[in-house]
Amino acid sequence: MPQIFRVHGGSTLNGDISVGGSKNAALPLLCATLLTKDPVTLHNLPDIQDIRYTLNILEHLGSKITKIGNHSWTIDNAHIQSHTINTDLASKFRGSLIFMGSLLSRFRETILPYPGGCVIGKRPIDSHLFVAKKMGAKITENETGLRFTVKKLKGTTLIMPEVSVTATENAILLAVMAEGTTELRMVAQEPHVVDLCELLTKMGADIQGAGTHTIIIRGVKKLHGAEHSITPDYLEAAALITAGIITRGEVTVENFIPRQLDAMFVKLDEIGIKYKRYDDRVTVYPTKIFHAPSRIEARPHPGFPTDILAPFATILTQCHGMTKVFETLFEGRLGFLFELEKMGAKVEILNPHQALVIGPTKLKGTSVSSLDLRAGATMVLAGLIAQGTTEVNNIHYIDRGYEKLEEKLNSLGAKIERVTS
Ligand code: EPZ
């Protein structure tokens with residue numbers, strides 16, 4: 001049955017809240033477990049829908065998956081029988097693309113159904129095909145998906161056709177047991193790419209340069225089991241920090257790595273937000289006047305993350321002045337601004353990638369849609385400061401990327417009900 005969030009506006013949030021494990025790290029790290037027949041233990045695995053889908057895909061392949069604690073799992077891939085991922089599950093989210101690298105590396109063959117995911121725009125997969133071909137794979141297409149085969153993965157110098165997170169992750173997964181050395185250039189530097197390299201190194205891979213635009217990988221014969229705690233989700237942290245800021249409370253968001261959000265703190269300084277930053281947490285304090293930053297552009301890491309642009313826009317609606325927002329990635333992502341407009345926000349969409357947000361405006365509760373997982377979280381945040389009650393529908397999107405978002409916000413004083421409509 002579809003569920004909605006009923007958000008009662010007007011609360012000031014106060015208190016401490018802890019961040020969970022990163023969704024966008026958990027996905028490639030679970031795929032990496034396929035590269036060894038030894039058990040791999042992962043801690044801080046977020047309990048969200050995309051991770052449940054990923055665990056289901058592994059089980060369909062023959063993984064033995066054991067929950068050993070809250071957010072801790074052991075994945076044993078000694079007896080994987082199949083190299084083809086389940087079409088229904090793969091079509092539910094785009095992250096399933098990351099199985100290509102590990103299955104092709106282990107079996108020299110895999111069949112990948114066309115991936116699913118959010119409707120935030122055309123998401124070509126040609127970078128993934130480019131990477132596989134450069135490493136020696138042959139690719140044939142049929143109506144259900146793509147068949148990759150390779151005699152032997154060979155190290156090479158590979159200049160990424162675009163700074164792509166998941167294509168970088170697939171390149172790394174293909175290179176760690178390829179013959180010879182692979183030099184990957186123009187790779188993504190996101191924290192989840194670094195976390196993947198950290199797990200693979202613990203498993204015996206030889207990787208230099210993680211977190212820079214050039215990664216050198218010397219292929220090894222075999223990888224062994226390991227134990228690893230998944231990096232905290234800086235995207236969830238950003239949403240929780242935003243909730244404290246817009247409700248003008250005193251909120252400490254802990255157990256994450258603030259330096260992964262440097263680009264966001266630069267904007268908070270421009271706005272004049274009072275906060276104190278530590279190595280593993282940040283405390284925001286009530287700030288009277290918000291000054292509109294002139295522009296915010298989504299950029300690959302360490303630039304301003306596209307995945308926090310939507311939640312951050314709730315701050316912009318309360319800023320004095322006008323901000324030009326530039327969503328450089330997804331042509332469908334700015335749709336959330338129309339939902340904010342329904343609540344009284346003053347926005348002007350200039351084109352599929354650029355918009356103006358003018359503030360401050362009083363938001364009013366109404367019924368709004370979650371257009372994708374980040375837009376859904378944005379609607380909940382906007383509801384916190386709206387007059388009256390805001391009904392947010394399609395919250396299955398939100399559950400894909402945020403673990404019990406309403407429970408975390410309610411623990412700080414929000415009033416959000418999860419209702420089966
Ligand atoms: C990954 O998607 C993430 N998904 C997305 O998170 C995220 O939005 C995206 O990276 C960008 O950070 C997972 O990790 C599972 P791309 P991916 O190939 O790999 C350009 C979420 O909400 N670009 O990295 O499919 C980039 O150079 C999801 O958790 C910009 O122009 O995306 C490449 O050409 C949605 N500006 C293209 O876009 C940016 O700010 C696609 O990026 C970022 C990227």
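The side chains of Asp372 and Arg333 meet in a salt bridge (3.9 Å, N to O), a salt bridge being a side-chain nitrogen of Lys or Arg within 4 Å of a carboxyl oxygen of Asp or Glu. This pair links distant parts of the chain, 39 residues apart: Asp372 is in the loop between strand 21 (367-369) and helix 12 (373-385), and Arg333 is in the loop between strand 18 (321-326) and helix 11 (336-342). Helices (H or I, at least four residues) and strands (E, at least two) are DSSP runs, numbered from the N terminus. Asp372 is buried, with a relative accessible area of 2%, and Arg333 is buried at 5%. Buried means under 20% relative accessible area, exposed over 50%, and partly exposed in between (1.4 Å probe, protein chains only).

The model is predicted, with local features requiring pLDDT of at least 70 and side-chain atom pairs counting only at pLDDT 80 or more, while totals for chains, interfaces and linings use all residues. Residues are numbered from 1 along each chain as its sequence is written, and side-chain values use heavy atoms, with hydrogens and water left out.

The structure holds 20 salt bridges. One of them joins the side chains of Arg147 and Glu109 (3.0 Å, N to O). Arg147 lies in strand 8 (residues 145-149) and Glu109 in strand 6 (residues 109-113), so this pair ties together parts that are 38 residues apart in sequence. Arg147 is partly exposed, at 34% relative accessible area. Another salt bridge is formed by Arg281 and Asp280 (3.1 Å, N to O); Arg281 is partly exposed at 29%, as is Asp280 at 39%. Lys23, Asp50 and Arg400 are linked in a network of salt bridges.

Asp76, in strand 5 (residues 72-76), is buried yet has no salt bridge, and the nearest side chain of opposite charge, Lys64, is 4.7 Å away. Lys and Arg count as positive and Asp and Glu as negative, with His and the chain ends not counted. A polar atom of the Asp76 side chain lies 2.9 Å from the backbone nitrogen of Ala78.

The largest nonpolar core has 70 residues, and those with the most contacts inside it are Leu45, Phe99, Ile172, Val176, Leu200 and Ile207. Helix 1 (residues 23-32) gives the most to this core, with seven residues. Apart from it lies another core, of 68 residues, including Ile245 and Met379. Such a core is a set of buried Ala, Val, Leu, Ile, Met, Phe, Trp, Tyr and Cys residues joined through side-chain atoms within 4.5 Å.

Methods
A polar contact is a pair of N or O atoms within 3.5 Å; within protein, one must be able to donate a hydrogen and the other to accept it, and residues adjacent in sequence count only if both atoms are side-chain atoms.
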